[in-house]
Amino acid sequence: MQVFSIIIAALLSENYVLVKFLGICPFLGVSKRINAALGMGFAVTFVMTLASLMCWCVYQLLILLNLAYMQTVAFILVIASIVQLVEMFLRKKVPGLYNALGVYLPLITTNCAVLAVVLVNAQKNYSLLLSLINGCASGLGFLLAIVLFASLREQVDRADTPDCFKGAPISLVAAGLLAMAFMGFSGMRF
Amino acid sequence: MDILIAIALLGGLSLAFGLILAFASKVFYVKTNPKLDELNECLPCANCGGCGYAGCSGYAEAVLKGEASLDKCALGGNEAAQAMAAVVGAEAVEVKRKVALVRCSGEHSYDEEGNLIAGSKAKGTYEGVRDCNVAAKVGGYGPLSCEYGCLGFGTCVKACKYDAISIKNGVAVVDEDLCVGCMACAKVCPRELIIPVDPGRNVVIACHSIAKGVVTSKVCTVGCIGCGLCKKNCPNDAITVTNNLAVIDYTKCDNCGKCATVCPKKLIRDSNVENLPDLGSIPTLTNPEVGMK
């Protein structure tokens, strides 16, 4: 049951982008086209899952040495390294995906949603399995949010917006409305 | 003591990750062809997509693999083609600059009482999304009476990265000094009105209506009715009339401008001569949507 509630929370009621307002930079930056948004979403999902795994190991080490207060610094180190490693791996082994993700891949390093996921894992003392599930579901929540937002923006692009609202302002308004829609999930508990 | 452990642990972790990354960069090292960078430098880096590849680097890769010809870059033109030829060691063909031409002169111009002075009539009031691709799908070929004419909602204007195209009196007009010929506008135009032409020419046939002459003259004051006067008067046989529409073959045309003077509808335009007296007297409409009302 806990697994189910973690998944629902990460996907909808505690969505990192639309409810906790984390990872807004790639959310706004890479949501002009659905295709790019999909690529970014999957990349973030992958990195979040991997980061949950690695950071769980590092966190156990920190607890062992009574250094839990160093978690933020250590996690940033781990995430940055993972993204670098993933980038190198993709470039060599899956150049197609590497080209498709392009600049978004290193961007994930600075995505604070990734850091938030591993910090929540540590804070709630999740086991390895639960950490992995939380990481994966949070990533999928990000994917859901960014793809929804990208489809909104594709429609808004075609609409006749007043000059003062063109571009970023109308996008931010749309993001706000989408976030309000997600507020509707806030009472859901299992 | 605690601080020492913290330093040692984080230092150790950093060292470990650093070593892993250093090792990984050896394992996953990807060889890139140094010619690729040289090719990239030949291209203008505008990433307009006019060549059909994903940005300039995509085109450079295709050239390197021999998949693409050297003449695809409209912005770089001849210069880029020659420079790339020097890098890949191939013979370059001379690339001539092209510019976009919007084949419509149907400004939706009305006098103060709402009578059509020049151009194509509007069918009714269109209140939908201001986008040509959307408007063109509205019942019966869009809000314009002429089903071939420019809708004037500026989808091509949005597509142009060089600010070379604008809407004047409800019809898209290309600024030939700014146009680089990438034809991004042509790809988004639902009416397929925009074609690449030689910038050196004076004479253009600014209409794309293949409807019968009777139909065309009913819906537009400046539509080609296929009368063939231009063909008869052309000293070089450069004009053909197919599907009720006159077309100039620029390989034969010598820009004499006779067709422009004889055209009864004044849709053949000679940039050397102001041959549009009735259009010149119309006050410029600042709001292109007026024509749609």
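The contact between the chains takes 16 residues from chain A and 16 residues from chain B, where two residues are in contact if their C-beta atoms, placed from the backbone, lie within 7 Å. On the side of chain A that touches chain B, H4(A) gives the most, with ten residues. Helices (H or I, at least four residues) and strands (E, at least two) are DSSP runs, numbered from the N terminus. By class, this side of chain A has ten nonpolar, two polar and four charged residues; Ala, Val, Leu, Ile, Met, Phe, Trp, Tyr, Cys and Pro count as nonpolar, Asp, Glu, Lys and Arg as charged, and the others, Gly among them, as polar. The structure is a predicted model, in which local features need pLDDT of at least 70 and side-chain atom pairs count only at pLDDT 80 or more, while totals for chains, interfaces and linings use all residues. Residues are numbered from 1 along each chain as its sequence is written, and chains are lettered from A and ligands numbered from 1 in the order in which they are written.

Chain A has nine helices and zero strands. Of its 190 residues, 35% are buried; a residue is buried if 20 or more other C-beta atoms lie within 10 Å of its own, exposed if 12 or fewer, and partly exposed in between, with C-beta atoms placed from the backbone. Among the contacts in chain A with a separation of 6 or more, 78% are accounted for by residues 24 or more positions apart. Helix H4 of chain A (residues 71-93) has 23 residues. From its first C-alpha to its last, H4(A) reaches 32 Å, close to the 33 Å expected at 1.5 Å a residue, the expected span being 1.5 Å times one less than the number of residues. The buried residues of H4(A) are A:Ala74, A:Phe75, A:Val78, A:Ile79, A:Ser81, A:Ile82, A:Val83 and A:Leu90. An α-helix has 3.6 residues a turn, so residues three or four places apart point the same way. The loop between helix H3 (34-64) and H4 of chain A contains A:Asn66. This residue has a positive phi of about 65° although it is not a glycine, and A:Asn66 counts as exposed because it has 11 C-beta neighbours inside 10 Å.

Chain B contains eleven helices and ten strands. Buried residues make up 36% of its 293 residues, and residues 24 or more positions apart account for 57% of the contacts in chain B with a separation of 6 or more.

The largest nonpolar core has 70 residues, of which B:Val102, B:Cys185 and B:Ile205 touch the most other members. Such a core is a set of buried Ala, Val, Leu, Ile, Met, Phe, Trp, Tyr and Cys residues joined through C-beta atoms within 7 Å. Domain 1 (34-88) and domain 2 (99-292) of chain B both give residues to this core, so it lies between them; the domain bounds come from an automatic or database domain assignment. Not counting residues up to four places away in sequence, B:Val102 touches B:Cys150, B:Val171, B:Ala172, B:Val173, B:Val174, B:Leu193 and B:Ile194. Apart from this core lies another, of 40 residues, among them A:Val44, A:Val117, A:Ala145 and A:Ile146.

B:Ile165 has B:Val174 in S5(B) as its bridge partner. Two residues lie between S4(B) and S5(B), and B:Asn169 in the turn has a positive phi of about 55°. Strands S8 (residues 239-242) and S9 (residues 245-248) of chain B also pair in the antiparallel sense over four bridges, with B:Val241 opposite B:Ala246 in S9(B). In this hairpin there are two residues between the strands, and B:Asn243 in the turn has a positive phi of about 55°. B:Asn244, in the loop between S8 and S9 of chain B, has a positive phi of about 60° although it is not a glycine. B:Asn244 is partly exposed, with 19 other C-beta atoms within 10 Å.

B:Val219 lies in helix H8 (residues 213-219) of chain B and is buried, with 21 other C-beta atoms within 10 Å. Leaving aside neighbours within four places in sequence, B:Val219 is in contact with B:Ser120, B:Lys121, B:Ser145 and B:Cys146.

Terms used: Two strands pair if DSSP finds at least two bridges between them.
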